[in-house]
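Let's take a friendly walk through a protein model. Have a look at the sequence and the 3D view, then read on.

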Amino acid sequence: MSKPIMQQFSGDFEKTVSIMQKLIRNGAIDPKARTEAVGIIRDLDARNFDLCAEAIYNRLCDKIKYVRDPAHAEYVCDWFNVARLGFGDCDDFTVLGATMLMAIGITCQIKVTAYQTHNGKPIYSHVYLEYYS
């Protein structure tokens, strides 16, 4: 069983996204992740990516509770630990969703949102998943 990866908050969103990408790549080739994803879409037409993505999204919404990370810390968990624990924040939800989608051949990417401070420096506040049908 893998342990959560913890990155202390440093404002370095590139490092967080890099960790997420690695966890997704590793998870997408994990036979257990593929089995979980196939179990979700078992009764669907697997060629219909929109239908499969919607089923996986709905399952995650039903099973994963949103819980913020502690102040001044960033936890990023692999797909297995997010599913096992049943909670996580936006980066955890993104890792789990992307892992499930990629395990069944659906291409996706991480999207990052930001807002500007008064000095023009971006502050990144949210990540989410975008898939391609």
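Which residues in H2 meet Thr99, Met100 and Ala103 in H5? They are Ala33, Arg34, Glu36 and Ala37, where contact means heavy atoms within 4.5 Å. Helices are DSSP runs of H or I with at least four residues, numbered from the N terminus.

This is a predicted model, in which local features need pLDDT of at least 70 and side-chain atom pairs count only at pLDDT 80 or more, while totals for chains, interfaces and linings use all residues. Residues are numbered from 1 along each chain, and side-chain values use heavy atoms, leaving out hydrogens and water.

The axes of H2 (residues 31-41) and H5 (residues 90-103), lines fitted to C-alpha atoms over the stretch in contact, come within 8 Å and cross at roughly 85°. That makes H2 roughly perpendicular to H5 (65 to 115 degrees).

Now to helix H1. Thr16, Val17, Ile19, Met20, Leu23, Ile24, Gly27 and Ala28 are buried there, meaning under 20% relative accessible area with a 1.4 Å probe, whereas exposed is over 50% and partly exposed lies in between. Seen down the axis of H1, these buried residues fall within an arc of 160°, so they line one face of the helix. The arc is taken from the directions from the helix axis to the C-beta atoms.

Finally, the cysteines. A disulfide here is a pair of cysteine sulfur atoms within 2.5 Å, and the count comes to 0.

Methods
Helix = DSSP H or I, 4+ residues; strand = E, 2+ residues; numbered from the N terminus. Axes fitted to C-alpha atoms, helices over the stretch in contact; angles between N-to-C directions. Parallel < 35°, antiparallel > 145°, perpendicular 65-115°, else oblique.
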